[in-house]
Amino acid sequence: MKCSYLRNILYDLWDILAHERRCPACEAVYVPCEKREGKSLFCPECSSLLPRREKGYCPGCGEPAAWPDLPLAPCLRCLARPPLWDALVFHGLFQGLLRRLLLRLKFNGHVTLARPLGLLLARHPDCAKLSVDCVIPVPLHRSRLARRGYNQALELAKPLAAALHLPCESRLLERIRATAPQTGENLALRQRNTRGAFSASSHVRGIRILLLDDIVTTGATMEAAANALLEAGAKGVSVAAVGRTARIGQSA
Ligand SMILES: [Zn+2]
Ligand SMILES: [Zn+2]
């Protein structure tokens with residue numbers, strides 16, 4: 001009796017040691033729990049701080065509504081001029097822990113965060129509903145790529161594309177003009193800043209693309225990139241981002 005009790009404790013200990021992980025956000029050691037969509041990506045505490053935005057936003061551009069519980073409804077801007085893309089998916093608002101993680105990924109070289117964040121987005125139920133043939137990350141201009149050393153959108157696109165069983169095609173879209181860092185929510189300024197900034201390969205002709213970025217603010221960058229893809233003959237563009245800016249004054 002005593003022997004089997006001890007054996008069970010040893011098995012439990014082995015189970016914990018064999019399965020424990022370090023949370024990529026807070027570095028705490030935890031035992032991932034099995035969820036419907038796979039093993040948890042962050043510790044329980046960090047997972048609870050990374051909620052998916054399910055309601056209360058514009059399905060066209062992602063602009064948050066005044067209250068998170070409001071049903072999805074197009075904003076005035078999208079009603080007046082529907083976006084170029086067929087669908088938009090994002091995980092959550094660019095605030096709190098998600099904001100800190102995306103900034104660490106983008107500016108502090110924490111490239112290892114790209115995998116859990118890319119998978120977090122891939123687990124959005126709307127990702128499974130997208131009709132797309134490949135994932136294209138929003139490219140950086142080569143001067144910024146040389147300074148940063150990596151493109152955070154590409155690093156997010158790799159695990160996301162693998163999880164969705166799609167190819168990741170980072171060479172089909174190029175940023176041909178360096179744009180000033182974008183701050184604020186001024187759409188007209190952002191549009192002027194990004195217009196003509198992208199060039200797409202003729203190989204996009206006839207294919208449906210999921211355009212991926214780390215953060216979407218006004219959608220001006222996505223719009224310029226989607227426009228280049230559609231002008232080059234893409235059959236359709238959907239867009240996805242891990243975070244969507246919360247309100248005026250926050251930058252991406
Ligand atoms: Zn954690
Ligand atoms: Zn909108």
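Two residues are in contact here if their C-beta atoms, placed from the backbone, lie within 7 Å. Keep that cut-off at hand as you work through these exercises on a predicted model.

**Exercise 1. Which residues does valine 204 contact, leaving aside its neighbours within four places in sequence, and is valine 204 buried or exposed?**

Solution. 
- Start by finding the residue: valine 204 sits in the loop between β8 (198-200) and β9 (208-216).
- Next, apply the contact cut-off. Once neighbours within four places in sequence are set aside, the partners of valine 204 are Leu172, Ile209, Leu229, Ala232, Gly233 and Ala234.
- Valine 204 and lysine 235 are 31 residues apart in sequence, and 8.1 Å separates their C-alpha atoms.
- Finally, count C-beta neighbours. A residue with 20 or more inside 10 Å is buried; valine 204 has 24, so it counts as buried.

**Exercise 2. Which strands make up the open sheet, and in what order?**

Solution. 
- Begin with the inventory: the protein chain has ten helices and ten strands.
- Four of the strands form an open sheet, in the order β5-β10-β9-β6, and their pairing is parallel.
- Look at the edges next. β5 (88-94) and β6 (134-137) each pair on one side only.
- Now zoom in on one pair. β9 and β10 (residues 236-245) run parallel and are joined by eight bridges. One residue pair to look up is isoleucine 215, whose bridge partner in β10 is glycine 243.
- As background, strands of a sheet pair through backbone hydrogen bonds, in either a parallel or an antiparallel way.

**Exercise 3. Which helices lie across β10, and at what angles do they run?**

Solution. 
- Take helix α5 (residues 114-122): it lies across β5 and β10, and its angle to β10 is about 120°.
- Turn to α10, which lies across β9 and β10 and runs at about 165° to β9.

**Exercise 4. Which residues of the largest nonpolar core touch the most other members?**

Solution. 
- The core holds 58 residues, and the ones touching the most other members are Leu211, Leu212, Ala225 and Leu229.
- Ask next where the core gets its residues. Helix α10 (residues 220-231) gives the most, with seven.
- Check the domains too: domain 1 (1-49) and domain 2 (50-245) each supply at least three residues to this core.
- Apart from neighbours within four places in sequence, alanine 225 is in contact with Val138, Leu173, Phe198 and Leu211.
- To set this against the whole protein chain, note that 35% of its 252 residues count as buried. Among contacts with a separation of 6 or more, 68% join residues 24 or more positions apart.

Key: Residues are numbered from 1 along each chain as its sequence is written. Chains are lettered from A and ligands numbered from 1 in the order in which they are written. This is a predicted model: local features need pLDDT of at least 70, side-chain atom pairs count only at pLDDT 80 or more; totals for chains, interfaces and linings use all residues. A nonpolar core is a set of buried Ala, Val, Leu, Ile, Met, Phe, Trp, Tyr and Cys residues joined through C-beta atoms within 7 Å. A residue is buried if 20 or more other C-beta atoms lie within 10 Å of its own, exposed if 12 or fewer, and partly exposed in between; C-beta atoms are placed from the backbone. Helices (H or I, at least four residues) and strands (E, at least two) are DSSP runs, numbered from the N terminus. Domain bounds come from an automatic or database domain assignment. Two strands pair if DSSP finds at least two bridges between them. Axes are lines fitted to C-alpha atoms, for helices over the stretch in contact, and angles run from 0 to 180 degrees between N-to-C directions.
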